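Please examine the structure shown below before reading on. The paragraphs that follow take up one part at a time.

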Amino acid sequence: MSSTFDQVATIIAETCDIPRDTITPESHAIDDLGIDSLDFLDIAFAIDKAFGIKLPLEKWTQEVNDGKATTEQYFVLKNLCARIDELVAAKGAGA
Amino acid sequence: MQLDYFQLIDRIVDLNMVEKTITVEAQVPKTSTVFEGHFPGYPIMPGVLLIESMAQTSGWLLLALMKFERMPFLAAVKEAKMRGFVTPGELLTVEAGIVHEGSGYAITEAKVKVAGKLRSNATITFSHVPFPNPDLRGHMDAMARRIGFPLQAVLS
């Protein structure tokens, strides 16, 4: 997970011009780092490319809007990284 | 090209669903009020309209790839470069290809050429959603027929 976090934190820092040392596994991308939906598209693109996956942003957003999930589940970075690891593992298993 | 209706694309020349590319033509009108102000005595196509032509071209490609089930909306323009003037009466060839298809968004690269020479290019991000209402879907269907959209390519 730490490797995933390092990559994601670097992506966020470079994409959104946020100082790298302010980004922690506990950071909430929206509430703490102030990343808006448009900037998150850039981050999603960079993550998709870096990990060879497709972050299911629409599904996550729908779940949050429907009250079936909280933003913390997907947008606190340690949780986001766990989701990324799951997607990478699922992709590997399906290959 | 009907500048006053923001309808920039005249004809789809090629749509490749395998390569995920599209080529269209857009005839810049010889006269338009746009050119009266941009610029008096030296009429050139505004760069924002060249960007719009690339966005609309990319939009048709995305509509095809999403089988007209979702509508793409312009979200971001990056690395847009105006490499040469486009003047009234010129025929634009606009090409677009997919860079990335994400969840709820897509990124394209597009080029505007005149007589084979590059005049503008950009990397464009779109968000896309299910058609918000039947009116818009009907309008896009009508536009597709007008510009010769190859519906068989989408249905096959």
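In chain B, β1(B) and strand β2 (residues 21-27) pair in the antiparallel sense over five bridges. Two strands are said to pair if DSSP finds at least two bridges between them, and the elements themselves are DSSP runs numbered from the N terminus, with helices (H or I) of at least four residues and strands (E) of at least two. The model is predicted: local features need pLDDT of at least 70 and side-chain atom pairs count only at pLDDT 80 or more, whereas totals for chains, interfaces and linings use all residues. Residues are numbered from 1 along each chain as its sequence is written, chains are lettered from A and ligands numbered from 1 in the order in which they are written, and side-chain values use heavy atoms, with hydrogens and water left out.

Arg11(B) stands opposite Glu25(B), Ile12(B) faces Val24(B) in β2(B), and Asp14(B) stands opposite Thr23(B). Strands of a sheet pair through backbone hydrogen bonds, either parallel or antiparallel. Lys20(B) is in the loop between β1 and β2 of chain B, and its phi is near 60°, a positive value in a residue other than glycine.

The whole arrangement is an open sheet of six strands in chain B, in the order β1-β2-β4-β5-β6-β3, with antiparallel pairing. Its edges are β1 (11-16) and β3 (70-82), each of which pairs on one side only. Neighbouring strands of this sheet are turned by 25° against each other on average, direction ignored; the axes used are lines fitted to C-alpha atoms, for helices over the stretch in contact, and angles run from 0 to 180 degrees between N-to-C directions.

Another backbone feature of chain B concerns a peptide bond. The bond from His38(B) to Phe39(B) is cis, with omega near 0°. Phe39(B) lies in the loop between α1 (33-37) and α2 (47-65) of chain B.

The next topic is the meeting of the two chains. Eleven residues from chain A and 14 residues from chain B take part in the contact, which means heavy atoms within 4.5 Å. Chain A and chain B bury about 970 Å² between them, 60% of it on carbon and sulfur atoms; buried area is the accessible area (1.4 Å probe) that two parts lose on being put together, summed over both. In chain A, Leu41(A), Phe45(A) and Glu58(A) lose the most area to chain B, together 50% of what that side buries.

How many salt bridges are there between chain A and chain B? The count is two, a salt bridge being a side-chain nitrogen of Lys or Arg within 4 Å of a carboxyl oxygen of Asp or Glu. Asp42(A) forms a salt bridge with Lys78(B), the closest N and O atoms being 2.6 Å apart. On the side of chain A that touches chain B, α2 (37-51) and α3 (57-65) of chain A each supply at least two residues. The largest share of that side, six residues, comes from α2(A).

Over all chains, the count comes to eleven salt bridges. Within chain A, the side chains of Lys78(A) and Glu26(A) meet in a salt bridge (3.2 Å, N to O). Lys78(A) lies in helix α5 (residues 77-94) and Glu26(A) in the loop between α1 (2-16) and α2 of chain A, so the pair ties together parts that are 52 residues apart in sequence.
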